[in-house]
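Here's a quick briefing to read alongside the model. Have the sequence and the structure open as you go.

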Amino acid sequence: MGKVYVFDHPLIQHKLTFIRKKETGTKEFREMTNEIAGLMAFEITRHLPLREVEVETPVAKATCKTISGKKLGIIPILRAGLGMVDGILELIPAAKVGHVGLYRDPETLMPVEYYVKLPKDVSEREMIVVDPMLATGGSAIEAINVLKRNGAKNIKLMCLVAAPEGVDKMKEAHPDVDIYLAAMDEKLNEKGYIVPGLGDAGDRLFGTK
């Protein structure tokens, strides 16, 4: 059964407060979203296996540790997920990046896939799906469906802010996927927005309305 992790690190919580504020402009919102994603990546990679290697320092030979061949993939859900990618890549520059584009059908309100481009070796990588918001859960569930159809076996979901309703639906649809959050908020409102949330992350990242 997948677990839900809410990171209470002071730096994550401090920066999250700033991106919640409606006065925060596009530039600052974009910068802090990437910074939070990087801090969350620090935590989400804590389990990576290590192996010992011998190196020579300017003083002597030393037995040190390096990551043991674990391949990672970052999968932003378009478009808002793009705002988290650079922050993660700063820590993990060797990670491959794929993209999943979804839109909501205006009649059925269900997510519809319009673009998918994934690394070729999906089945060999630990895939981290990223999206700032986990609201109804529809987009995240469908993005993970896409990954599984393409052979992914090890998947994690990283979001900044979630509603309990979206988390419950994710756990029901994909009980094998761990969920990593900076905050678990109160609820969804009648329009499907997270309360208190931070507004529309895509609009705030890219300056659109």
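**Helix α3 and its surroundings**

The buried residues of α3 (82-91) pack against α2 (26-44), β4 (72-78), β5 (96-97), β8 (126-130), β10 (154-162) and α6 (201-206). Those buried residues are Gly83, Met84, Val85, Gly87 and Ile88. Buried here is under 20% relative accessible area, exposed is over 50%, and partly exposed is in between (1.4 Å probe, protein chains only). Helices (H or I, at least four residues) and strands (E, at least two) are DSSP runs, numbered from the N terminus, and contact means heavy atoms within 4.5 Å.

This is a predicted model, in which local features need pLDDT of at least 70 and side-chain atom pairs count only at pLDDT 80 or more, while totals for chains, interfaces and linings use all residues. Residues are numbered from 1 along each chain as its sequence is written, and side-chain values use heavy atoms, with hydrogens and water left out.

**Nonpolar cores**

- The largest nonpolar core has 36 residues; such a core is a set of buried Ala, Val, Leu, Ile, Met, Phe, Trp, Tyr and Cys residues joined through side-chain atoms within 4.5 Å.
- Leu16, Ile19, Ile36, Met40, Ile88, Met158 and Leu198 have the most contacts inside this core.
- At least two core residues each come from α1 (10-20), α2, β4, α3, β8, β10, β11 (178-184) and α6, and α2 gives the largest share, with 7 residues.
- Another core, of 25 residues, lies apart from that one, and Ile77, Leu118, Met127 and Val177 are among its members.
- Looking past neighbours within four places in sequence, Met158 is in contact with Ala37, Met40, Ala41, Ile44, Met84, Ile88, Ile128, Val129, Val130, Asp131 and Tyr180.

**Helix α5**

- In α5 (residues 164-173), Gly166, Val167 and Met170 are buried.
- Viewed down the axis of α5, the buried residues fall within an arc of 100°, so they line one face of the helix; the arc is that of the directions from the helix axis to the C-beta atoms.
- Packing partners for the buried residues of α5 are β1 (4-6), β9 (133-134), α4 (138-149), β10 and β11.

**Annotated site and largest pocket**

- An unreviewed UniProt entry puts the feature "binding site" at Arg79, Arg104, Asp131, Pro132, Met133, Leu134, Ala135, Thr136, Gly137, Gly138, Ser139 and Asp200; feature names are shortened, positions use the numbering here, and annotations may be inferred rather than shown by experiment.
- Of these, Arg79, Arg104, Asp131, Met133, Leu134, Ala135, Thr136, Gly137, Gly138, Ser139 and Asp200 are in the lining of the largest pocket.
- On a 1 Å grid over the protein atoms alone, a pocket is an open set of points where a 1.4 Å probe fits, with protein on both sides within 12 Å along at least five of seven lines, and lining residues have an atom within 4 Å of a point.
- Arg79 counts as partly exposed, at 35% relative accessibility, and sits in the loop between β4 and α3.
- Not counting residues up to four places away in sequence, Arg79 touches Asp200, Gly202, Asp203, Phe206 and Thr208.
- Met133, in strand β9, counts as buried at 17% relative accessibility.

**Cis peptides and a loop**

- The Leu78 to Arg79 peptide bond is cis, with omega near 5°.
- Val195 to Pro196 is also a cis peptide bond, with omega near 0°, and Pro196 lies in the loop between β13 (194-195) and α6.
- Ala94, in the loop between α3 and β5, counts as exposed at 66% relative accessibility.
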